[in-house]
Number of protein chains: 2
Amino acid sequence: MGRASDAIDQQRLWDRHMAIARFGATGRGGVNRQALTEDDGRARAELAGWAAARGFKVAVDEAANLYVRRDGSDADAPPIMSGSHLDTQPAGGNFDGVFGVLAAFEVLEALDDSGMTHRRPIEAVVWTNEEGCRYAPGCTGSLVFSGRHRIEDFLDATSPDGAVLKDDLARTIAATPRAVKRTGGGPVDGYIEAHIEQGPRLEAAGLTIGAVTGIQGGSSFEVIVTGEDGHAGTVPLRQRRDAFRSAMAMVEALYGATADPDDTTRFTIGRFQAYPGSPNTIPGEVRFTIDFRHPDGDYFAAMVERIVALCEAHAGPCGVAVKRRHVAPPADFDETVIARIERIAGELRLPAKRMISGADHDAKLMVPLCPTGMIFVPCQRGISHNEAEMATPDDLAAGARVLADALLEMADA
Amino acid sequence: MGRASDAIDQQRLWDRHMAIARFGATGRGGVNRQALTEDDGRARAELAGWAAARGFKVAVDEAANLYVRRDGSDADAPPIMSGSHLDTQPAGGNFDGVFGVLAAFEVLEALDDSGMTHRRPIEAVVWTNEEGCRYAPGCTGSLVFSGRHRIEDFLDATSPDGAVLKDDLARTIAATPRAVKRTGGGPVDGYIEAHIEQGPRLEAAGLTIGAVTGIQGGSSFEVIVTGEDGHAGTVPLRQRRDAFRSAMAMVEALYGATADPDDTTRFTIGRFQAYPGSPNTIPGEVRFTIDFRHPDGDYFAAMVERIVALCEAHAGPCGVAVKRRHVAPPADFDETVIARIERIAGELRLPAKRMISGADHDAKLMVPLCPTGMIFVPCQRGISHNEAEMATPDDLAAGARVLADALLEMADA
């Protein structure tokens, strides 16, 4: 009997990526398939259709997490799971998240094609709203599955486009009408998520596989600066309560405090808007977000506190409210899973290295539930969260091959 | 025979302000009555109704400028005009612009009540889109009236809400269906615009009337910074083309270059937005506006060039395009008009001073056409372009009294 990896079909895996890329296609090479939109529902329905054609079992839970299951020989054993997300950024690419879902589904198809059996069930999963663009925070689906939150905690969330999560959730669940309704949560006997690296390190090192050791600490803040609207032509600068100017002072201080000669720190102002937004009115309000990440737990925790303090210290004549939307310390993956991925990559003659994940992933939420790991493949120039995001068919198939062998080993262990 | 100012009805003037304040009222004390919206049309219809009830002639031109005319004894004489605008900022107040329109109309009613005649006609005018919030640049109506532009130059402009100017213009003209259609433009024998100061100087000095000597130089720019979207958690900072970070460097340089110990310079970033605007995506684009004003013509001209150069010099790894939306050097009003306003204020025992206008006004466009001036009255704490904008009934009536005597003198001169 051959290896599960032998049955991975590179062309089919690529074609499935291109098929999903139609949903929310922007016409500029990327997609806008934000979570719980109609396009998100259409992509899920497409996957459920492929699963039904194979005879795999399809289920959906209260958070709209979608499961495709290939049964194992032991009907009572918890599953080995693998997956990621189908939602994207507003100007997103065709691989972030999608690859993890389709690699897991490709493993199920490869096992089916080759007639291999396994003791534990293997489940491909689509987590809901990993990106968190329309509804913050992200990782809604895995937060609920992991028991960290109940779906009720999120139902009343509203999106910038005025929608309410519970309505979008109901429509998304209804997009796969033949899926069996189930409840989220374990037990689970293992989880591996395949993903494009979303950074430049594998490509720069000429490697194909990253055996991910963990996820760096990540934090997200929303800062609301409150000043006073005024006429741009008349009010002397010294009398102004200019929310933009105070926000600038905060941002300057934050850039200074997070400056890092090692270039390990990730510090990003992703959203920044002045209100009312008229060219000749002094802004009475500014809202901006801060995304700060670092792999060192102690430094991460200290800097999270300092970010809040610096915003408050530089408000000048304005008021400021700093909301911590999300603060997650670094998380370590399971050594046996990391070692397994490293070993299998070697057996498949795929050059690999251990590396930490800069991005957050649903896998982080699985760490407390079961032995968890991730497989990275390169993405060109490290570009992600961008319509130009690109990965090669070879690299995607290589990642799926490592995933296939690892999942089969874990399903039979 | 008394003075025209004796017939000014303070309560009526105030009531008219409150009546116009209903159109676009936000429920927070201010108004959002942006140019060429349905609320703008309703406010014009209300004024036209008051004029019709008085038997004044009402006309509208191709730029939707609305004219209310009281005839003079000389049927061939060009009019003396007075007015301002009814459109507001998105979070605007109840006096900016409105006062100039209603003060001029109050003068017509006062003359009518007292049966006074005058040689030249006196016209109250509503200029279209002074604020320029939905359609840039502002002063659309006075730009067309003055011959600086034809309305055709603006017809295809689009607003952020997706409307096209020509459609909004047609609807606004149709809002006063009984107004006689006329063509904009002179000849005009004089123009005075009454306005709230929109700054704190009159209030601080305990004065009631500003005899405005001119308008400081004003400029408006739109800056578009182009970088590259990327994942906030993965891309090292040194590899980023972060449009937000480059925009910050520009803003810092601009703040430094425009720093002014005399606090004469007016420098404002009123609109600033990062795209795509996702908290965990490095912004690939930032758009912001710059509003710069100064009364010294040479300094103004030099700094306009320097603003463009500084943006270009601080783009870092990003691209930048700086669009000059509006560059208007300082303008001087007519000395005879300034002196007349100063003298009449003294005769009415209203404390007055000469002052330059920080804000731009339609009056600036009238300078080349005829002897032009402005009358300022205080606004509380200098707050304008803000829903909290406030002026007292006493001060508004004082301004209308000076206006009445000045217009009548000019109509008979």
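1. Which residues does A:Ile375 touch, not counting residues up to four places away in sequence? In this predicted model, A:Ile375 touches A:Ile192, A:Ala194, A:Ile209, A:Gly210, A:Val212, A:Ile341, A:Gly399, A:Val402 and A:Leu403. The residue also belongs to the largest nonpolar core, which has 93 residues. Those with the most contacts inside that core are A:Ile375 itself, A:Val107, A:Ala400, A:Leu403 and A:Leu407. Helix 11 of chain A contributes the most to this core, giving twelve residues. Another core, of 91 residues, lies apart from it and includes B:Phe145, B:Ile196, B:Ala391 and B:Leu403. In soluble globular proteins, nonpolar side chains tend to be buried together.

2. A:Leu403 deserves a separate comment. This residue is found in helix 11 (residues 393-412) of chain A. With 29 other C-beta atoms within 10 Å, A:Leu403 is buried, the cut-off for that class being 20 or more. Leaving aside neighbours within four places in sequence, A:Leu403 is in contact with A:Ser82, A:Ala103, A:Ala104, A:Val107, A:Ile192, A:Ala194 and A:Ile375. The C-alpha atoms of A:Leu403 and A:Ile341 are 7.8 Å apart in space, although 62 residues separate the two in sequence.

3. The overall form of chain A may be described next. The chain has eleven helices and 17 strands. For 413 residues, a compact globule would have a radius of gyration near 22 Å, and the 22 Å of chain A agrees with this. Along its principal axes, the C-alpha trace of chain A spans about 80 × 45 × 40 Å. Of the 413 residues in chain A, 59% are buried. Among contacts in chain A between residues at least 6 apart in sequence, 80% join residues at least 24 apart.

4. Chain A is divided into two domains: domain 1 (4-216 + 331-412) and domain 2 (217-328). The C-alpha centres of these domains of chain A lie 33 Å apart. Seven residues from domain 1 of chain A and ten residues from domain 2 of chain A take part in the contact. On the side of domain 1 that touches domain 2 in chain A, the residues comprise three nonpolar, two polar and two charged.

5. The relation between the chains is as follows.

6. How many residues of chain B are in contact with chain A? There are 55, and they meet 54 residues of chain A. The elements of chain B that give two or more residues to this side are strand 8 (217-226), strand 9 (230-231), helix 7 (243-258), strand 10 (266-268), strand 11 (272-275), strand 12 (281-282) and strand 13 (285-294). Helix 7 of chain B gives the most, with four residues. By class, the side of chain B that touches chain A has 21 nonpolar, 24 polar and ten charged residues. Because 98% of the interface residues of chain B are also interface residues in chain A, the copies meet through the same surface.

7. Most residues other than glycine have a negative phi, and most peptide bonds are trans. Against that background, the peptide bond from A:Gly186 to A:Pro187 is cis, with omega near 5°. A:Pro187 is found in the loop between strand 5 (180-181) and strand 6 (190-196) of chain A. A cis peptide bond also joins A:Tyr275 and A:Pro276, with omega about 5°. The loop that holds A:Pro276 runs between strand 11 (272-275) and strand 12 (281-282) of chain A.

8. Positive phi values are found in chain B. B:Leu36, which is not a glycine, has a phi of about 70° and is found in the loop between helix 1 (10-20) and helix 2 (38-54) of chain B. With 25 other C-beta atoms within 10 Å, B:Leu36 is buried. Phi of B:Ala64 is likewise positive, near 70°; this residue lies in the loop between strand 1 (57-60) and strand 2 (66-70) of chain B. B:Ala64 is buried, with 30 other C-beta atoms within 10 Å.

Key:
Residues are numbered from 1 along each chain as its sequence is written. Chains are lettered from A and ligands numbered from 1 in the order in which they are written. Domain bounds come from an automatic or database domain assignment. Two residues are in contact if their C-beta atoms, placed from the backbone, lie within 7 Å. Ala, Val, Leu, Ile, Met, Phe, Trp, Tyr, Cys and Pro count as nonpolar, Asp, Glu, Lys and Arg as charged, and the others, Gly among them, as polar. The radius of gyration is taken over C-alpha atoms; the globule rule is 2.2 Å times the number of residues to the power 0.38. A residue is buried if 20 or more other C-beta atoms lie within 10 Å of its own, exposed if 12 or fewer, and partly exposed in between; C-beta atoms are placed from the backbone. A nonpolar core is a set of buried Ala, Val, Leu, Ile, Met, Phe, Trp, Tyr and Cys residues joined through C-beta atoms within 7 Å.
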